[in-house]
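Let me put the model up, and then I'll walk you through a few spots in it.

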Amino acid sequence: MPEHLTYGRYLHLDELLAAQTPLSRPEAHDELLFIIQHQTSELWLKLALHELTGACDDLAGDDVALAQKRLARVKQVQKQLIEQWSVLATLTPSEYQRFRGFLGSSSGFQSYQYRAVEFLLGAKDPAMLDVFGDDPDARAVLTAALDRRSLYDEFLRLLARRGHDVPADVLARDVREPHREDPRLVEVFRTIYDDPQRNWDVYEVCEELVDIEDNLQLWRFRHLKTVERTIGFRTGTGGTTGASFLRRVLDLSFFPELYAVRTAL
C-alpha cells in the first residue's frame, strides 16, 4: 500500500474538482450546475460500460449468476442517471440562456460513452463512428463496442447452448449491424416464460433485460421533458433537432422479442 495515500490523492480530487471550467463571460452562476450534471453522467456511463462489458463476458462464459449481479448494478446506475434530470430541471429557460451561446457546437449527441452503451445493448450503428472522426480515443471505444457481440447476442448464444431453439442465422449474424426483431425468437422466449421454474436463471435474465430497457426509456423520457421545459422546441446545441429528435428515439427498442412475447403468452 502506498505510504501517505490520502482520500484526495486516491480520488485525484485536485484534477477532478478543477475540471469544471465555465466559459460564460460574465460567468453565469448556473453554468456550474450544467457542467457537473454532464460530467457526473459521464462517470456513471463509464461504470455502466464497465459492468455491461463484464456481463457480456460472463454470459459468454456461462456464468449467469455473475452476469445478473452486474446487470443489477447497471440498473442502480440507471436510477442515478434518471434522478439527475431532476437537478438539471431546476435550470430555468432564462438561466440557461445566460450561458447557452457559449456552448458552441458541443452537444450531448457527442457522448461517445452513451453511444457505446447503446452498442453494447444491441443498437449498433457503424455510421456513428463518423461523428467521432477527429477523436481517436472515442472512436476506439466505439469501434470495440461495435465489433463485439452485444449483451443480447451473448444471451441468445447462451440460450442456444442450453438447448433452446435459437435460429442458426441469428447466431451467425453480423454483430456490427443492429438487431432486428425476429418472430422466431418470440417462440424461444415463450418456452421460457411458459415454464419459469424450469428456466429460472435465464427467465430472470429476461426480466433484467426488460428492466434495463425500461430504465433507459425512462431516462430518454426525462431527458426529453427536461429539454422541453428548458428550451421548448428550439434547435438543440450542435445543430440537433432537440426535443423532436428525443421524442423519435423513444420508440427504439433493444430487446423487442422480450416485449412481443408478452402478447404471445
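**Starting at a tryptophan**

So, W200 is partly exposed, with a relative accessible area of 39%. On terms: buried means under 20% relative accessible area, exposed means over 50%, and partly exposed is in between, using a 1.4 Å probe and protein chains only. Before I go on, this is a predicted model, where local features need pLDDT of at least 70, side-chain atom pairs count only at pLDDT 80 or more, and totals for chains, interfaces and linings use all residues. Residues are numbered from 1 along each chain as its sequence is written, and side-chain values use heavy atoms, with hydrogens and water left out.

Back to the tryptophan. W200 and Y203 both sit in helix α11, three residues apart, about one turn of the helix. Helices here are DSSP runs of H or I, at least four residues, numbered from the N terminus. The structure has twelve aromatic pairs. W200 with Y203 is a tilted one, 5.3 Å centre to centre with 35 degrees between the planes. Rings of Phe, Tyr and Trp (its six-membered ring) pair if their centres lie within 6.5 Å; under 30 degrees between planes is stacked, over 60 is edge-to-face, and the rest are tilted. Ring pairs also link Y152, F155, F189, F254 and F255 into a cluster.

F189 turns up again where α10 meets α11: F189, I192 and Y193 in α10 touch V202, Y203, C206 and E207 in α11. Contact means heavy atoms within 4.5 Å. The residues of that contact split into six nonpolar, no polar and one charged. For the classes, Ala, Val, Leu, Ile, Met, Phe, Trp, Tyr, Cys and Pro are nonpolar, Asp, Glu, Lys and Arg are charged, and the others, Gly among them, are polar.

Now α13, residues 256-264. Which of its residues are buried? P256, E257, L258 and V261. Their cover includes α8, α10 and α11.

Helix α6, residues 112-121, is mostly covered, with nine of its ten residues buried. Among the helices covering those buried residues are α3, α7 and α12.

Last stop, S24, in the loop between α2 and α3. S24 is buried, at a relative accessible area of 0%. Leaving aside neighbours within four places in sequence, S24 contacts E31, R98, F99 and F102.

Terms used
Helices (H or I, at least four residues) and strands (E, at least two) are DSSP runs, numbered from the N terminus.
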